[in-house]
2 protein chains.
Amino acid sequence: MLSDIEISRAATLQPIQAIADRAGLPLQAIEPYGRHKAKLDLDWLAANPAPAGKLILVTAINPTPAGEGKTTTSVGLADALNRTGRKTMLALREPSLGPCFGTKGGATGGGHAQVVPMEDINLHFTGDFHAITSAHNLLAAMIDNHIHWGNKLGIDVRRVVWRRVLDMNDRALRDIVQGVGGVANGYPRESGFDITVASEVMAILCLANDLHDLEARLARVVVAYTSDRRPITAADLKASGAMAVLLAQAIKPNLVQTLEGTPALIHGGPFANIAHGCNSVIATRAALQLADYVVTEAGFGADLGAEKFFDIKCRQAGLAPGAVVIVATVRALKMNGGVAKADLAHEDVAAVERGAVNLVRHIENIRQFGVPAVVAINHFGTDTAAEVAAIERCATAHGTAAILCRHWAEGGAGAEALADAVAALADKDAGQFTPLYDDELSLFDKINTVATRIYRAERATASPAIHAQLERWQAAGHGHLPVCMAKTQYSFSTDPLQLGAPTGHVVPVREVRLAAGAGFVVAICGELMTMPGLPRTPAAEHIGLGPDGSIAGLS
Amino acid sequence: MLSDIEISRAATLQPIQAIADRAGLPLQAIEPYGRHKAKLDLDWLAANPAPAGKLILVTAINPTPAGEGKTTTSVGLADALNRTGRKTMLALREPSLGPCFGTKGGATGGGHAQVVPMEDINLHFTGDFHAITSAHNLLAAMIDNHIHWGNKLGIDVRRVVWRRVLDMNDRALRDIVQGVGGVANGYPRESGFDITVASEVMAILCLANDLHDLEARLARVVVAYTSDRRPITAADLKASGAMAVLLAQAIKPNLVQTLEGTPALIHGGPFANIAHGCNSVIATRAALQLADYVVTEAGFGADLGAEKFFDIKCRQAGLAPGAVVIVATVRALKMNGGVAKADLAHEDVAAVERGAVNLVRHIENIRQFGVPAVVAINHFGTDTAAEVAAIERCATAHGTAAILCRHWAEGGAGAEALADAVAALADKDAGQFTPLYDDELSLFDKINTVATRIYRAERATASPAIHAQLERWQAAGHGHLPVCMAKTQYSFSTDPLQLGAPTGHVVPVREVRLAAGAGFVVAICGELMTMPGLPRTPAAEHIGLGPDGSIAGLS
């Protein structure tokens with residue numbers, strides 16, 4: 001059997017001009033980056049409006065080490081929609097560079113359902129994340145520089161909340177003491193680095209309507225507080241203009257292709273815990289302008305990814321999704337049913353049935369947003385017919401079709417039944433999308449609403465200090481913002497070991513953060529890692545150049 | 001009078017395909033990055049060898065705050081060579097992003113002698129520096145990760161010499177304590193960040209012959225020592241393969257154009273103090289393969305820039321420059337003659353004559369390398385005829401022509417006389433380039449040779465510890481390497497205030513560093529700053545987007 005990279009490398013890519021042509025983009029609407037990547041010209045898009053296509057969200061059950069294949073299914077579905085005569089584009093997130101050198105492979109799909117060129121997309125791509133890193137760190141440098149030169153704004157050096165970022169897994173930078181070495185180096189203080197996908201600049205780029213909205217959002221970013229708790233913004237430091245300049249190219253969506261030539265916009269990649277985990281609004285809108293169907297994806301399982309897609313991205317951008325695909329696998333449901341990873345190859349229908357409670361809860365949750373859903377069973381070679389039938393029975397019993405897909409092995413041809421079902425749902429226009437909660441609800445009530453209605457917890461809890469902080473933000477005019485829940489992706493609860501469909505738990509809010517530029521309040525529930533480390537044997541050790549200069553070891 | 005950016009923005013750029021065509025590059029030999037930038041395909045270059053053109057180095061007197069215009073003169077000369085019927089290309093360094101937000105404007109020439117698109121070149125360009133940052137920091141992460149997971153190699157955490165880099169002016173990162181925060185974050189230790197142009201990876205990229213040589217050089221990089229002083233390399237950490245993968249695009253030269261359509265390769269930009277300060281060997285060779293004349297540039301004044309160009313770059317790459325242009329200005333020589341910057345507008349022939357000792361010494365120095373030279377007087381509006389004549393007299397008295405150039409105001413048309421003189425020198429093939437010292441000389445004797453023959457010091461001095469360190473490196477097989485002198489650029493001496501042509505000074509070597517991958521030993525003489533800070537009012541405060549989305553404030 002061929003590996004992902006062998007399939008990817010064996011493919012004959014079309015020139016990016018041909019892909020642009022397929023998407024209805026003339027030459028002047030794209031800026032090529034090499035032969036197989038391009039950026040879209042935002043001015044051309046603005047000058048050529050068109051009716052919006054149907055938006056289809058691909059989400060999933062809670063992830064397990066068994067793998068679900070959300071990106072693979074998104075690619076397979078888009079290829080299948082095109083194969084069945086429906087003009088379709090993909091809108092996906094850009095992978096982060098750092099994790100490629102840790103344990104994780106790339107994030108460009110798999111098997112015969114991939115976006116290409118895989119190496120480019122997984123590595124520097126068109127430089128968007130580097131631009132975000134630069135913009136973020138310029139602001140950081142300007143904060144310390146302002147303090148160094150006299151601190152006119154009266155920043156409390158103990159209350160600088162803006163850290164620095166790198167697109168690298170580097171645990172040694174999580175917590176640092178900076179500015180040591182004497183007077184010329186400024187005031188020593190504790191700080192640290194997050195990975196670039198955790199930057200608020202990333203979330204801003206992904207939620208901005210255009211370059212001017214981007215600059216306005218950057219201006220609102222709160223970077224520090226004075227000793228009397230007055231917020232200091234990027235605008236106060238006169239940093240937002242230069243930051244926007246650094247992002248002027250990065251804000252343009254990137255066009256690539258699937259192995260079957262489906263045009264794909266891959267743009268932005270905010271963390272799905274402390275941020276909202278979806279590709280950029282600009283890319284989604286561009287795809288909707290260019291195609292009749294747009295397949296997009298949200299991070300992690302539906303409890304985190306779909307909820308934020310609806311309550312943050314769709315709310316802010318005024319998007320109305322037409323259908324949702326919930327990806328499930330026999331293997332992952334077996335793990336939710338208590339089977340160890342080593343035993344997944346044995347048929348165990350009862351375990352599938354036990355684990356399907358996870359799927360059912362996601363089906364019910366999606367229904368709360370008023371969008372019709374279908375389940376995609378992403379086929380693995382070890383699945384048995386009886387196991388697949390168990391998922392189908394369970395989904396049907398809860399009013400949702402479940403369709404076996406073989407896009408990993410067969411490409412778009414393996415997902416045509418899914419494409420027909422999804423298109424039928426979207427074409428009916430039966431959905432009536434509504435966010436889970438109103439803007440007017442208090443910040444804590446929003447948190448509690450997600451915890452009780454999506455996570456099915458008894459309640460959310462928070463210390464008096466956190467309640468007081470939320471009330472201060474409400475008083476300062478941030479009360480209308482949606483909340484961005486940061487919790488483990490492995491469970492509906494905050495305990496990663498509670499698989500299936502736990503009940504009776506509480507959701508303790510450990511910390512809250514204001515992302516005034518992105519436009520949400522982050523509620524951190526449980527442990528949170530915003531700078532990964534490398535494993536004992538990093539993938540980097542096996543990445544290198546072949547004798548012909550080709551890239552080896554990147555999977 | 002129009003500003004640089006107004007001139008640049010008013011220009012009608014040719015599509016990069018047209019510039020490639022002018023350079024004899026077919027479509028398959030370039031990878032476009034947007035409409036006005038491209039990367040060259042190294043495979044095409046290897047498959048299409050051609051006789052090498054003449055290499056012309058542009059260097060300068062010691063820099064002063066009055067400005068010399070080395071890049072401007074390089075651009076004007078190349079345009080003039082083309083105007084006078086000589087097929088010519090430029091090979092220049094890429095500007096660093098960080099300093100753009102400090103005090104310094106861009107580094108793309110000025111007036112009517114600029115390379116364009118100016119904003120792109122000064123900002124992210126094609127992402128080369130970001131790739132270098134990533135490769136450098138991956139190695140750093142792998143060092144700390146190795147220590148964290150048990151430190152099999154026995155790295156002495158007090159002797160890790162590999163720091164991290166960012167392309168940002170950020171004094172707070174010069175010295176940090178990393179790895180604080182507990183067991184999960186590794187072992188706390190002191191370290192810090194340099195600016196990306198100071199990375200040895202940058203120097204390696206600029207000296208490598210090809211991608212495989214790049215990987216081999218990366219493998220040799222010494223990152224740390226064991227407690228018994230055994231060196232630990234990037235190869236020991238199995239990092240060099242992944243680093244090379246991160247640099248696979250960055251190693252390809254970038255093609256842009258001058259305002260007059262001269263093809264320019266802009267590629268690499270190592271610091272001119274702790275590194276050798278020239279664009280990449282690959283770009284210089286590519287230009288020599290494509291053109292009859294190649295104009296290139298070295299950092300700082302000729303004492304640092306030209307010496308390193310000859311003794312490091314030409315030595316390693318086997319290049320034989322055909323002619324040298326020494327850029328001087330009336331204003332800068334007046335400053336060397338003791339005039340304050342505020343008084344430069346008044347005619348002062350005596351001051352020019354006093355300051356010309358600086359020029360004369362550079363003329364004599366270049367002669368030591370066996371390459372014929374000509375002086376370019378870069379004209380400023382305040383220069384008087386008598387002042388210009390003083391420079392001409394002085395240069396002629398020392399056997400070298402001095403030619404007034406008006407390329408800043410007139411473009412290539414203003415530098416035709418210079419072009420004729422330079423081409424005549426190069427065409428004579430009278431030069432017999434030889435480096436200043438032999439490979440076999442001891443490391444300290446090499447340092448002393450540069451100090452006495454180029455800086456005209458009485459001698460170089462070093463502590464017994466430094467002598468012992470140099471001897472250890474010689475014993476370990478690094479004795480054949482050239483030396484890379486790091487001293488102030490403002491004076492022949494190590495005191496930035498000693499302008500003109502100081503004598504009787506000594507050159508104290510404060511520290512030595514091994515750059516085993518780049519292939520030189522750095523001798524640090526005097527204060528050295530490898531991470532700049534931002535000024536009280538950073539340029540970033542005035543950089544922003546205009547109402548039409550154009551970039552304002554970047555000069």
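Trainee: Is A:Phe193 buried or exposed, and what about B:Phe193?
Mentor: Both A:Phe193 and B:Phe193 are buried, where buried means under 20% relative accessible area, exposed over 50% and partly exposed in between (1.4 Å probe, protein chains only). Keep in mind that this is a predicted model, where local features need pLDDT of at least 70, side-chain atom pairs count only at pLDDT 80 or more, and totals for chains, interfaces and linings use all residues. Residues are numbered from 1 along each chain as its sequence is written, chains are lettered from A and ligands numbered from 1 in the order written, and side-chain values use heavy atoms, with hydrogens and water left out.

Trainee: Why is the pair of A:Phe193 and B:Phe193 stacked?
Mentor: Their ring centres are 5.3 Å apart and the planes are at 5°, so the pair counts as stacked. A:Phe193 lies in strand S11 (residues 193-195) of chain A and B:Phe193 in strand S11 (residues 193-195) of chain B, so the pair joins two chains. Strands (E, at least two residues) are DSSP runs, as are helices (H or I, at least four), numbered from the N terminus.

Trainee: OK, new topic: which ring does A:Lys487 lie over?
Mentor: That of A:Tyr455, at 4.6 Å from the ring centre. A charge sits over a ring if NZ of Lys or CZ of Arg is within 6 Å of the ring centre and within 35 degrees of the ring normal.

Trainee: And where does the charged end of B:Arg361 sit?
Mentor: Over the ring of B:Phe492, 4.9 Å from its centre.

Notes
Phe/Tyr/Trp six-rings, centres within 6.5 Å; stacked < 30°, edge-to-face > 60°.
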